[in-house]
Amino acid sequence: MTKPSLPDLLHAAVSAVGGTERPGQVTMAEAVAEAIDDNSHLLVQAGTGTGKSLGYLVPALAQGERVVVATATLALQRQLVERDLPRTVEALHPQLRRRPQFAMLKGRSNYLCLHRLHEGVPQDEEDGLFDPFEAAAPSSKLGQDLLRLRDWSDETETGDRDDLTPGVSDKAWAQVSVSSRECLGASKCAYGPECFAEAARERAKLADVVVTNHALLAIDAIEGAPVLPQHEVLIVDEAHELVSRVTGVATGELTPGQVNRAVRRAAKLVDEKTADQLQTAAEGFERVMELALPGRLEKIPEDLAYALMALRDAARAVITALGNTRDRAVQDEDAVRKQAMASVETVHGVAERITQGSEYDVVWYERHDRFGASLRVAPLTVSGLLREKLFTERSVVLASATLKLGGDFNGVGASLGLAPEGTQGDDLPVWKGIDVGSPFDYPKQGILYVAKHLSPPARDGQRADMLDELTELMQAAGGRTLGLFSSMRAAQQAAEELRSRVPELPVLLQGEDTLGELIKNFAADPKTCLFGTLSLWQGVDVPGPSCQLVVMDKIPFPRPDDPLMSARQKAVEEAGGNGFMAVAATHAALLMAQGAGRLVRATGDRGVVAVLDPRLSTARYGSYLKASLPDFWYTTDRNQVRKSLAAIDAASKAEV
């Protein structure tokens with residue numbers, strides 16, 4: 001039997017999902033197939049509207065090996081499992097003569113734990129367990145959430161939190177879920193045969209395509225114990241997010257509250273002397289943390305070093321004691337012991353990591369108004385880890401709408417541990433980058449406007465001229481504005497000001513409702529504007545007339561006092577590189593490319609991306625940042641932009 005051709009397979013899949021075939025999608029599919037055949041690696045930039053999920057799914061399904069697809073967002077995971085994969089598998093079946101199986105796999109805490117649900121939660125304060133269903137008043141929000149979870153547990157087939165609609169609070173979910181460290185293990189648990197998390201892992205073992213998230217991929221790479229089934233092809237979608245997700249998983253944290261919780265959990269299971277040792281160490285750590293000032297610790301202060309060594313040694317003694325003692329007087333002892341062990345092991349692990357003091361780690365204090373001080377440790381870079389764990393023994397495809405920064409893939413490649421494209425070497429992963437373009441005509445559909453006449457952003461954040469400019473642009477656009485701000489404080493100030501200046505244009509503010517609800521309301525009414533920070537730069541998909549003006553208040557460089565970013569910048573400089581360009585400018589370019597991508601989401605969209613920061617036009621790094629954005633028509637003429645916005649607004653009103 002002749003092997004079906006890739007264009008034929010792609011055509012069948014695109015027809016099945018009701019899409020339109022794009023030249024970029026065909027180019028992408030061919031490049032993915034080639035990378036899989038050569039066992040090499042591919043970075044592919046595919047603009048919005050290319051249909052990139054089919055661009056990688058079709059060649060991946062056609063080659064017949066097991067594939068893992070890791071995405072950053074829940075929305076894309078669901079789209080793949082509920083829409084793209086079922087239709088594609090059916091469409092390809094006549095030509096492939098097989099129906100590849102697919103499954104979703106997430107971290108254990110995403111699944112309902114039947115042991116927790118039926119036996120209760122190990123309590124910190126007293127022996128035994130408590131029943132959250134009895135403890136929460138049925139009339140309270142928590143009580144109602146828990147009752148709904150109990151009912152849902154009888155009807156759900158997956159136990160997956162994301163299948164529960166409407167959702168429940170994190171607090172309620174914590175009462176019915178466990179982390180992998182707290183889990184008793186299927187063989188020891190009375191509910192093992194019915195366990196939702198175990199069932200998901202079993203389905204994944206049998207599947208040809210496993211859809212997961214970046215966090216689980218990071219855990220699989222970092223922790224050494226395989227979580228994902230063996231696979232020959234890895235596809236990382238939304239790959240621009242991967243480095244920050246892996247960094248997040250590799251970051252350790254210690255807080256006095258967390259240490260005290262570990263003390264309470266262990267106290268009822270170990271002898272008094274061992275418990276007292278941990279209690280004394282916890283008190284010493286708390287005293288040090290009371291005086292902690294935010295910022296990086298290039299050298300660990302003596303008092304902190306002593307407190308951490310005491311914590312490490314006391315935690316180690318508790319771990320040994322927990323392994324050697326049994327106490328049948330404790331109700332559901334295995335669960336209580338497992339939770340205590342998980343808490344104490346975390347404290348021990350972070351204390352030991354900071355005490356050992358690797359030159360590849362960054363340590364800093366953070367202060368939070370509500371939660372007090374925390375001590376954090378993160379890797380200076382994850383590039384070596386990714387090169388070693390990601391790019392060996394399988395072909396890797398990394399896809400995103402924004403991977404090419406400043407005109408090439410080398411910046412993103414370096415952050416992933418890849419040498420510049422084309423570099424030869426025995427142990428260097430072989431890769432190439434391709435940009436398959438976009439189906440949109442950016443110069444005709446959008447304008448990039450830089451407000452060159454404004455004063456540059458100052459440290460104090462007060463920018464009256466910026467607010468005047470924003471007001472005029474919003475009025476010219478008749479609302480329809482997505483405001484992307486570099487800080488929550490700036491977004492709040494702007495929302496407050498604009499609400500009083502132009503009350504006829506409603507302004508929604510991130511944090512005042514759930515993100516999903518805000519985006520829905522923004523899309524429903526063209527006059528409405530939406531202001532916010534980080535998650536809006538990359539999480540908004542509103543095609544059509546409701547989003548015709550995207551405003552960035554300033555270039556989103558990392559904060560100068562961000563301990564991890566400044567440490568990374570310094571490390572590049574010490575190695576002879578340009579730290580500002582490699583770290584701060586790359587960070588800003590990625591966010592700006594994502595932010596600008598909110599404007600044109602469909603072939604009929606028209607509008608303006610307005611950057612209210614003159615440095616994009618005047619600074620030397622401005623050309624690098626502009627080269628990372630879609631190829632919009634560029635201007636600094638404020639009158640021209642107001643006229644264009646008014647014309648787009650009038651045209652949209654005429655169409656209604």
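Leu80 is a residue of helix H4, which covers residues 74-96. Please bear in mind throughout that the model before us is predicted. Is Leu80 buried or exposed? Its relative accessibility is 0%, and buried means under 20%, so Leu80 counts as buried.

The surroundings of Leu80 are as follows. Leaving aside residues up to four places away in sequence, Leu80 touches Ser53, Tyr56, Leu57, Val69, Thr71, Leu85, Pro86 and Val211.

From Leu80 I turn to Asp465. These two residues are 385 residues apart along the chain, and their C-alpha atoms are separated by 45 Å. Which residues of H19 are buried? They include Met466, Leu467, Leu470, Leu473 and Met474, together with Glu469 and Thr471. Ala476 and Ala477 are buried as well. After H19 comes Gly478, with a positive phi near 65°.

Where does Thr402 lie? Its place is in the loop that runs between strand E12 (395-400) and helix H17 (410-415). Thr402 has a relative accessibility of 7%, and therefore counts as buried. With residues up to four places away in sequence not counted, Thr402 touches Gln45, His240, Leu590, Ala593 and Gln594. With Gln594 there is also a polar contact, made between the side chain of Thr402 and the side chain of Gln594 at 2.5 Å.

Methods: Residues numbered from 1 in each chain as written. Predicted model: local features only at pLDDT ≥ 70, side-chain atom pairs only at ≥ 80, totals over all residues. Heavy atoms only, no water. Helix = DSSP H or I, 4+ residues; strand = E, 2+ residues; numbered from the N terminus. Buried < 20%, exposed > 50% of the residue type's maximum accessible area, 1.4 Å probe, protein only. Polar contact = N/O pair within 3.5 Å; in protein donor to acceptor, adjacent residues only side chain to side chain. Contact = heavy atoms within 4.5 Å.
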